[in-house]
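Subject: Handing over the structure

Hi,

Here is the structure I promised to pass on.

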Amino acid sequence: MKTSVTSVEQMHQLGVQIGKALKPSDVVVLTGELAAGKTVLAQGVAFALGITGVTSPTFVISRIHKGTPNFIHIDAYRLLEGGNAAAYLDDLDLDIAGSITLIEW
């Protein structure tokens, strides 16, 4: 599916649409330039799950938002500096089995 988004509101709404389609154990990976709207899209996904207060986890790397299911929001940008982001993600020891996980890459 290719979608053009031209506003913050549209990005949020796209996240809501995606969030409604997700189920526990799903993982969404977003890539894009700084300020591309990845966190706004994550906020839309969370909104669809009944979760509010989502902010960028850039400096803490990951945040777990409690809900049914939990929403795990990861910003892997800083992990890229180490050269092996996938290995570092595993080191976070997050239980994604029953959660919806969104990774900004």
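**What I found**

Thr39 is buried, with a relative accessible area of 19%, where buried means under 20%, exposed over 50% and partly exposed in between (1.4 Å probe, protein chains only). Before going on, please keep in mind that this is a predicted model, in which local features need pLDDT of at least 70, side-chain atom pairs count only at pLDDT 80 or more, and totals for chains, interfaces and linings use all residues. Residues are numbered from 1 along each chain as its sequence is written, and side-chain values use heavy atoms, with hydrogens and water left out.

Thr39 sits in helix H2; helices (H or I, at least four residues) and strands (E, at least two) are DSSP runs, numbered from the N terminus. Leaving aside residues up to four places away in sequence, Thr39 touches Thr55, Ser56, His73 and Glu104, with contact meaning heavy atoms within 4.5 Å.

**The sheet**

Four strands make up an open sheet with mixed pairing, in the order S1-S4-S3-S2; two strands pair if DSSP finds at least two bridges between them. S1 and S2 are the edge strands, each with a single partner strand, so one side of each has no neighbour in the sheet. From one strand to the next, the twist averages 15°, taking axes as lines fitted to C-alpha atoms (for helices over the stretch in contact) and angles as running from 0 to 180 degrees between N-to-C directions.

Going through the pairs:

- S1 and S4 run parallel and are joined by four bridges. Val27 stands opposite Thr101 in S4, and Leu30 stands opposite Glu104.
- S3 and S4 pair in the parallel sense over five bridges, with Ile103 in S4 as the bridge partner of Ile74.
- S2 (residues 62-65) and S3 (residues 71-75) pair in the antiparallel sense over four bridges. Ile64 has Ile72 in S3 as its bridge partner, and a hairpin of five residues joins S2 to S3.

Why is S4 largely enclosed by the rest of the structure? Five of the five residues of S4 are buried, so the strand is largely enclosed. Both of its faces are covered, with Ile100, Leu102 and Glu104 buried on one side and Thr101 and Ile103 buried on the other. In a regular strand the side chains alternate between the two faces of the sheet.

**The helix pair**

The axes of H1 and H2 come within 6 Å and cross at roughly 45°. The two helices are therefore oblique to each other (angles under 35 degrees count as roughly parallel, over 145 as roughly antiparallel, 65 to 115 as roughly perpendicular and the rest as oblique). Residues making the contact include Leu14, Gly15 and Ile18 of H1 and Leu41, Gly44 and Val45 of H2.

**The cores**

The largest nonpolar core has 15 residues, and those with the most contacts inside it are Leu41, Val45, Leu49, Ile51, Phe71 and Leu102. Such a core is a set of buried Ala, Val, Leu, Ile, Met, Phe, Trp, Tyr and Cys residues joined through side-chain atoms within 4.5 Å. At least two residues each come from H1 (8-21), S1 (27-30), H2 (38-48) and S4 (100-104), and H2 gives the largest share, four residues. Not counting residues up to four places away in sequence, Leu49 touches Gly19, Phe71 and Ile100. A second, separate core of seven residues includes Ile61, Leu79, Leu89 and Ile103.

Best wishes
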